[in-house]
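I opened the model to look up a few things about its chains. My entries follow.

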Amino acid sequence: MKIIVCVKQVPDTSGKVAVNPDGTLNRASMATITNPDDLNAVEAALALKEQTGAEVIVVSMGPPPAEGMLREIMARGVDRAVLVSAREFGGSDTYATSQILAAAINKIGIEDDDIVMCGRQAIDGDTAQVGPQIAEKLGLPQVSYAADIKKEGDTLTIKRMLEDGYMTIKVKTPCLITCIKELNAPRYMSVDGVFECYAKPYEIFDYNTLKDDPLVDPTTIGLKGSPTNIFKSFTPPQKGVGMMLEGADKATCDKLAGILAAKHMI
Amino acid sequence: MDFHLTREQEMVRKMYREFAETEVKPLAEELDEEERFPMETVEKMGKLGMMGIYFPKQYGGAGGDVLSYAMCVEELAKVCGTTAVIVSAHTSLCCAPIFEHGTEEQKMKYLPDLLSGKKIGAFGLTEPNAGTDASGQQTTAVLDEAGENYILNGSKCFITNGTVADTFVVFAMTDKKLGNHGISAFIVEKSFPGFSVGKHEKKMGIRGSSTCDLIFEDCVVPKENLLGKLNGGFKIAMMTLDGGRIGIAAQALGLGEGAVSEAIKYTQERVQFKKRLSQFQNTQFQLADMHTRMQAAQYLVYAAAMKKQNHEPYSMDAAMAKLFAAEAASDVTRRAVQLFGGYGYTREYPVERMMRDAKITEIYEGTSEVQRMVISSHLGVK
């Protein structure tokens, strides 16, 4: 049994956000972190590994420095890592990214008892599209927004969170699950994990590794294969300092009405 | 001289920082106030390999290195002096002498539980009448008539981790006539008949750490628990303290660095005379001096750790690191309180706790005066 976890290196949005003239993020000038929801997926995979003895493989698409992130994830207990990296893959939107990641997962190989896991969405694009698109392209059943996962035999029972409640879904392997932060608390790297992580198997899948997969075609990958175009990107102006009025008496209400009237809001 | 950390050391430091910020910092004030030992933190650190960082995996260690251990103590001390000394005393004063001087049987018996943090270790050398003059040991160990067990009598004081430890490395006179050369080391379990712990000391700082007396009343220690050679204990004690000084120097380093960060943050927020405190040149110069002292301390501490890792002589380096880092920590934490003014003197801010915690680093595991004795003796000054 294998669990393949897709992760993304994202800008640390708690720091400075830099934007290129073309509207894309200037990733090189920003500190990076592992996308937070992806760490929940890693944790879920490691918990299932403890239960089943499954091999956990982490996969990421990105530039070569993403190796550091993948090594840190192996320091948490993941068995091996694959970095999908090539110039041809650059500029991919969610559609093209999911083509490439699905091809990478095909290359690793999906068997009947395997699971693919993703974070719900990345904090840079917030699309929540890549996980579900990978499932479609691999022909796997998918359960998104997982807040609880239980495995018995080949059946997973998953609590799927919705805005106004939750559903409980049973699904058989192989399948794809996207994970939310309520699922678990990601573990820390361990000292032993850190000192072992550079000895663990680490592979790079470049264009040549994946080019024979029908999913990887010049028209479906990279900037050219991406249907999404960015028209405009901007930093929203900061809101002004708010004002708090306290009390439910007539005077306070009159004051509130006066402020709103002065701003022509009523 | 290479001042660069390895990629593993960089990564493990990031892990310590995350752990310290999330798991240790939120408890620091309460541990100090309540004098509470953070057993829950020790359990978490054990699972992450932080209680056996630089020991080989075959004994249950994490397979790291000495510098990674020093950085662990440093990062913990930045936010909590108590948690830092728990790791330092356990690692340097109990795990290290068993690893370095124990037989294969002793290592296999004691190290896996210690290095995984399932059991906590402590070290018993100091006695009411044998502090800096450690050779004046009054605790005795006598082989019983059957030749099976040593019988220990006497008491130890100021034992860090004393009330919570399961395994102790204890020193006792096996041949009084020989003075220093008549001291032996023993591995004592808390369950051994005749062993008990005495009163908990109320302290100025590191108030969450456990400090107590150990009492031996015809305490029965199996003869296979003799650590190292008979009458070879004093050398083990001195070698152990050389290593321990790296841990305490790292604790002092972290305390000072923690105080510098707190002072930088506070002086950028606090406004007096319509200016942020950080805009005053006095503040800027103070912070520059404080940071410089701690940076110098860091080089000394890391150099001593690297030498121990590389099996080079490091006794003088450890003494210099501890002397300098401890005095720097005391100075820097005191200056941090001054920059905070009245607020610094209250328990609303952590710098007064850091100042109290820093003082002990000039005293335990060899006072600053002892470090000067060690350094000058290495210089051949008589």
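**Notebook: helix, sheet and interface**

I began with helix 6 of chain B. Of its 37 residues, 29 are buried, so the helix is largely enclosed by the rest of the structure. I counted a residue as buried if 20 or more other C-beta atoms lie within 10 Å of its own, as exposed if 12 or fewer do, and as partly exposed in between, with C-beta atoms placed from the backbone. Helix 6 of chain B covers residues 233-269 and reaches 54 Å from its first C-alpha to its last, close to the 54 Å expected at 1.5 Å a residue. The expected span is 1.5 Å times one less than the number of residues. Helices (H or I, at least four residues) and strands (E, at least two) are DSSP runs, numbered from the N terminus.

I noted the conventions. This is a predicted model: local features need pLDDT of at least 70, side-chain atom pairs count only at pLDDT 80 or more, and totals for chains, interfaces and linings use all residues. Residues are numbered from 1 along each chain as its sequence is written, while chains are lettered from A and ligands numbered from 1 in the order in which they are written.

Next I turned to chain A. I found seven helices and 11 strands there. Of its 266 residues, 42% count as buried. The C-alpha trace spans about 70 × 45 × 40 Å along its principal axes.

I then traced the sheet. Nine strands of chain A form an open sheet with mixed pairing, in the order 9-8-7-10-6-1-4-5-11. Two strands pair if DSSP finds at least two bridges between them. Strand 9 (165-172) and strand 11 (202-205) of chain A stand at the edges with a single partner strand each, so one side of each has no neighbour in the sheet. The twist averages 30° from one strand to the next. Angles run from 0 to 180 degrees between N-to-C directions, with axes fitted to C-alpha atoms, for helices over the stretch in contact.

How many bridges join strand 5 of chain A to strand 11 of chain A? Four do, and the two strands run parallel. A:V82 has A:E203 as its bridge partner in strand 11 of chain A.

Last, I checked the interface. 10 residues of chain A are in contact with 15 residues of chain B, contact meaning C-beta atoms, placed from the backbone, within 7 Å. Helix 5 (residues 191-196) of chain A gives the most to the chain A side, with four residues.

Note on methods:
Contact = placed C-beta atoms within 7 Å.
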